[in-house]
Amino acid sequence: MATYDNLPVYKASYDLLIEIFEFSKHFTREYKYTLGENLKKETIELIANIYRANCTYEKAGLIQKARENVEIIRLYMRLLNDLKQVNIKKFININERIDILSKQLTGWQKSVSGSLAGVAQC
(Lines give C-alpha, C1' and ligand atoms only; values in the text may rest on other atoms or scores of the structure.)
Protein backbone atom coordinates (compact mmCIF):
# COMPACT_ATOMS: atom_id res chain seq x y z
CA MET A 1 0.00 0.00 0.00
CA ALA A 2 1.25 3.44 -0.87
CA THR A 3 1.66 6.21 1.62
CA TYR A 4 -1.37 8.45 1.76
CA ASP A 5 0.16 11.24 -0.33
CA ASN A 6 0.81 8.82 -3.21
CA LEU A 7 -2.80 7.63 -3.38
CA PRO A 8 -4.64 8.85 -6.50
CA VAL A 9 -7.74 9.55 -4.40
CA TYR A 10 -5.70 11.70 -2.02
CA LYS A 11 -4.13 13.64 -4.89
CA ALA A 12 -7.54 14.19 -6.50
CA SER A 13 -9.08 15.43 -3.24
CA TYR A 14 -6.10 17.71 -2.55
CA ASP A 15 -6.36 19.21 -6.04
CA LEU A 16 -10.07 19.77 -5.44
CA LEU A 17 -9.31 21.55 -2.16
CA ILE A 18 -6.80 23.87 -3.84
CA GLU A 19 -9.32 24.71 -6.56
CA ILE A 20 -12.02 25.40 -3.97
CA PHE A 21 -9.71 27.76 -2.08
CA GLU A 22 -8.92 29.57 -5.32
CA PHE A 23 -12.45 30.14 -6.58
CA SER A 24 -14.07 30.77 -3.18
CA LYS A 25 -12.13 34.04 -2.98
CA HIS A 26 -14.61 35.46 -5.46
CA PHE A 27 -17.81 34.65 -3.55
CA THR A 28 -19.83 37.56 -2.27
CA ARG A 29 -19.28 38.34 1.39
CA GLU A 30 -22.61 36.77 2.37
CA TYR A 31 -21.56 33.36 1.01
CA LYS A 32 -17.78 33.51 1.43
CA TYR A 33 -17.96 33.16 5.21
CA THR A 34 -20.85 30.72 5.34
CA LEU A 35 -21.10 28.29 2.44
CA GLY A 36 -17.52 28.92 1.34
CA GLU A 37 -16.09 28.07 4.76
CA ASN A 38 -18.35 25.03 5.12
CA LEU A 39 -17.25 23.79 1.71
CA LYS A 40 -13.58 24.17 2.63
CA LYS A 41 -14.06 22.42 5.98
CA GLU A 42 -15.92 19.54 4.35
CA THR A 43 -13.17 19.09 1.76
CA ILE A 44 -10.49 19.16 4.48
CA GLU A 45 -12.48 16.54 6.39
CA LEU A 46 -12.61 14.44 3.20
CA ILE A 47 -8.81 14.53 2.94
CA ALA A 48 -8.47 13.68 6.64
CA ASN A 49 -10.77 10.68 6.27
CA ILE A 50 -8.75 9.43 3.30
CA TYR A 51 -5.57 9.75 5.38
CA ARG A 52 -7.16 7.97 8.35
CA ALA A 53 -8.53 5.18 6.16
CA ASN A 54 -5.08 4.56 4.71
CA CYS A 55 -3.52 4.39 8.18
CA THR A 56 -5.82 1.81 9.73
CA TYR A 57 -6.90 -1.77 9.25
CA GLU A 58 -10.56 -0.77 9.67
CA LYS A 59 -10.87 1.17 6.43
CA ALA A 60 -14.51 0.59 5.47
CA GLY A 61 -16.10 3.02 7.94
CA LEU A 62 -13.67 5.82 7.14
CA ILE A 63 -14.05 5.31 3.40
CA GLN A 64 -17.82 5.53 3.89
CA LYS A 65 -17.36 8.81 5.78
CA ALA A 66 -15.22 10.10 2.91
CA ARG A 67 -17.96 9.15 0.45
CA GLU A 68 -20.44 11.10 2.59
CA ASN A 69 -18.07 14.09 2.53
CA VAL A 70 -18.06 13.92 -1.27
CA GLU A 71 -21.86 14.01 -1.42
CA ILE A 72 -22.03 16.98 0.95
CA ILE A 73 -19.44 18.79 -1.19
CA ARG A 74 -21.59 18.04 -4.23
CA LEU A 75 -24.62 19.51 -2.41
CA TYR A 76 -22.72 22.70 -1.48
CA MET A 77 -21.55 23.11 -5.07
CA ARG A 78 -25.08 22.78 -6.40
CA LEU A 79 -26.30 25.35 -3.91
CA LEU A 80 -23.47 27.74 -4.84
CA ASN A 81 -24.33 27.32 -8.50
CA ASP A 82 -28.02 28.04 -7.82
CA LEU A 83 -27.01 31.16 -5.86
CA LYS A 84 -24.91 32.36 -8.83
CA GLN A 85 -21.62 32.16 -6.93
CA VAL A 86 -20.04 29.77 -9.42
CA ASN A 87 -20.19 30.05 -13.19
CA ILE A 88 -21.40 27.05 -15.16
CA LYS A 89 -17.95 26.20 -16.53
CA LYS A 90 -16.42 26.04 -13.03
CA PHE A 91 -19.45 24.14 -11.74
CA ILE A 92 -19.04 21.48 -14.43
CA ASN A 93 -15.29 21.24 -13.82
CA ILE A 94 -15.75 20.78 -10.06
CA ASN A 95 -18.52 18.23 -10.54
CA GLU A 96 -16.32 16.20 -12.86
CA ARG A 97 -13.64 16.16 -10.15
CA ILE A 98 -16.25 15.14 -7.59
CA ASP A 99 -17.42 12.28 -9.84
CA ILE A 100 -13.84 11.03 -10.21
CA LEU A 101 -13.36 11.15 -6.43
CA SER A 102 -16.63 9.34 -5.85
CA LYS A 103 -15.66 6.56 -8.27
CA GLN A 104 -12.22 6.20 -6.70
CA LEU A 105 -13.68 5.95 -3.21
CA THR A 106 -16.30 3.43 -4.36
CA GLY A 107 -13.59 1.30 -5.96
CA TRP A 108 -11.46 1.51 -2.82
CA GLN A 109 -14.42 0.55 -0.67
CA LYS A 110 -15.17 -2.47 -2.87
CA SER A 111 -11.55 -3.62 -2.78
CA VAL A 112 -11.45 -3.30 0.99
CA SER A 113 -14.72 -5.15 1.52
CA GLY A 114 -13.48 -7.90 -0.81
CA SER A 115 -10.34 -8.54 1.21
CA LEU A 116 -10.27 -9.94 4.71
CA ALA A 117 -7.39 -7.82 5.96
CA GLY A 118 -6.57 -4.27 4.99
CA VAL A 119 -3.04 -2.97 4.93
CA ALA A 120 -2.28 0.08 7.00
CA GLN A 121 0.59 2.38 6.13
CA CYS A 122 0.97 6.10 6.79
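Student: Why are α4 and α5 called roughly antiparallel to each other?

Tutor: In this predicted model, the axes of helix α4 (residues 59–82) and helix α5 (residues 88–114) come within 10 Å and cross at roughly 165 degrees. Angles over 145 degrees count as roughly antiparallel (under 35 as roughly parallel, 65 to 115 as roughly perpendicular, the rest as oblique), so α4 and α5 are roughly antiparallel. Their crossing is left-handed, and their contact has 14 nonpolar, six polar and six charged residues.

Student: Good! What makes the pair of tyrosine 10 and tyrosine 14 stacked?

Tutor: Rings pair if their centres lie within 6.5 Å; planes under 30 degrees apart count as stacked, over 60 as edge-to-face and the rest as tilted. Here the centres are 6.2 Å apart and the planes stand at 20 degrees, so the pair is stacked. Both tyrosines lie in helix α1 (residues 8–24), four residues apart.

Student: Why does tyrosine 10 count as buried?

Tutor: Buried means under 20% relative accessible area, exposed over 50%, partly exposed in between (1.4 Å probe, protein chains only). Tyrosine 10 has 14% and therefore counts as buried, whereas tyrosine 14, at 39%, counts as partly exposed.

Student: And what makes the pair of phenylalanine 23 and phenylalanine 27 edge-to-face?

Tutor: Their ring centres are 5.6 Å apart and their planes are at 65 degrees, so the pair is edge-to-face. Both phenylalanines are buried.

Student: How were the residues and atoms handled?

Tutor: Residues are numbered from 1 along each chain as its sequence is written, and side-chain values use heavy atoms, leaving out hydrogens and water. Local features need pLDDT of at least 70 and side-chain atom pairs 80 or more, while totals for chains, interfaces and linings use all residues.

Notes. Axes are lines fitted to C-alpha atoms, for helices over the stretch in contact, and angles run from 0 to 180 degrees between N-to-C directions. Helices (H or I, at least four residues) and strands (E, at least two) are DSSP runs, numbered from the N terminus. A crossing is left-handed if the near helix is turned anticlockwise from the far one by less than a right angle, and right-handed if clockwise. Ala, Val, Leu, Ile, Met, Phe, Trp, Tyr, Cys and Pro count as nonpolar, Asp, Glu, Lys and Arg as charged, and the others, Gly among them, as polar. Rings of Phe, Tyr and Trp (its six-membered ring) pair if their centres lie within 6.5 Å; planes under 30 degrees apart count as stacked, over 60 as edge-to-face and the rest as tilted.
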